[in-house]
Amino acid sequence: MKHIHLLLLFFFFASYCFGQDPIENKSKQNTFSATENITPPPPPPPPPPPPPEDDFFAGRGNETSRFPGCESVVDKSERLECAEAKFLEYLYSTLEYPAKAFADGQEGMAVVQFVVKKDGFLDNIKCVRDPGHGFGQAAVNVIHKMNEENIRWIPASMKGRSIDILYTLPVRFKI
């Protein structure tokens with residue numbers, strides 16, 4: 001028993017001299033000390049700057065599609081008015097009033113939509129508002145006739161590039 005006491009006394013003395021307490025050492029291994037200097041992770045990088053706005057609709061070179069025949073007019077607004085007048089002239093000279101509607105004294109307005117393609121031809125021709133009496137079909141026939149007669153529109157352009165554009169056309173039938 002004397003030897004055990006001496007052994008324990010030696011063990012405690014050695015741990016005291018070398019700064020190691022076996023009981024305290026175990027508790028230090030399992031706990032986190034708030035006094036330790038731990039550097040926090042760096043903040044995330046700032047977000048990238050927004051891309052420069054390239055306003056596709058701004059700038060010169062934007063033109064709407066138009067009916068051919070006024071390319072010699074220099075002023076843009078006058079050229080557009082001329083093309084509109086020529087288109088209406090073609091439209092009403094080619095438009096066939098439905099015979100039954102004419103005999104019955106019917107009037108109305110059909111609305112036709114079509115796409116002016118990059119090559120100037122018309123595509124996706126459809127009547128979106130048909131008052132009946134054959135007015136919608138008569139309006140669609142006039143638009144189809146432009147393709148049959150090889151009439152090519154001047155396509156719309158944006159920033160110097162030709163683009164497809166949807167065109168909505170009201171056609172009034174009046175006796």
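This short talk covers the core, the aromatic rings and the disulfide of one predicted model.

Some ground rules. The model is predicted, so local features need pLDDT of at least 70 and side-chain atom pairs count only at pLDDT 80 or more, while totals for chains, interfaces and linings use all residues. Residues are numbered from 1 along each chain as its sequence is written, and side-chain values use heavy atoms, with hydrogens and water left out.

I start with the core. By a nonpolar core I mean a set of buried Ala, Val, Leu, Ile, Met, Phe, Trp, Tyr and Cys residues joined through side-chain atoms within 4.5 Å. Buried is under 20% relative accessible area, exposed is over 50%, and partly exposed is in between, with a 1.4 Å probe and protein chains only. The largest such core has 24 residues, and Phe 114, Leu 122, Ile 143, Met 146 and Trp 153 touch the most other members. Two or more residues each come from helix 3 (76-94), strand 1 (108-116), strand 2 (122-129), helix 5 (135-148) and strand 5 (165-173). Helix 5 gives the largest share, 7 residues. Helices (H or I, at least four residues) and strands (E, at least two) are DSSP runs, numbered from the N terminus.

Which residues does Met 146 contact, leaving aside neighbours within four places in sequence? They are Phe 67, Phe 87, Tyr 90, Leu 122, Ile 151 and Trp 153, where contact means heavy atoms within 4.5 Å.

Lys 145 is also in helix 5. At 29% relative accessibility, Lys 145 is partly exposed, and beyond four places in sequence Lys 145 touches Tyr 90 and Thr 94.

Now the rings. Rings of Phe, Tyr and Trp (its six-membered ring) pair if their centres lie within 6.5 Å; planes under 30 degrees apart are stacked, over 60 edge-to-face, and the rest tilted. The count is 12 aromatic pairs. One of them is Tyr 97 with Phe 173, edge-to-face because the centres are 5.7 Å apart and the planes stand at 75°. Phe 173 is buried, at 2%, whereas Tyr 97 is partly exposed, at 24%. Trp 153 and Tyr 167 are likewise edge-to-face, with centres 5.1 Å apart and planes at 70°. Both belong to one aromatic cluster, along with Phe 67, Phe 87, Tyr 90 and Phe 114.

Last, the disulfide, a pair of cysteine sulfur atoms within 2.5 Å. There is 1 by this rule, joining Cys 70 to Cys 82 with S to S 1.9 Å. Its S-S torsion is about -70°, so the disulfide is left-handed. Cys 70 is buried, at 1%, while Cys 82 is partly exposed, at 22%.
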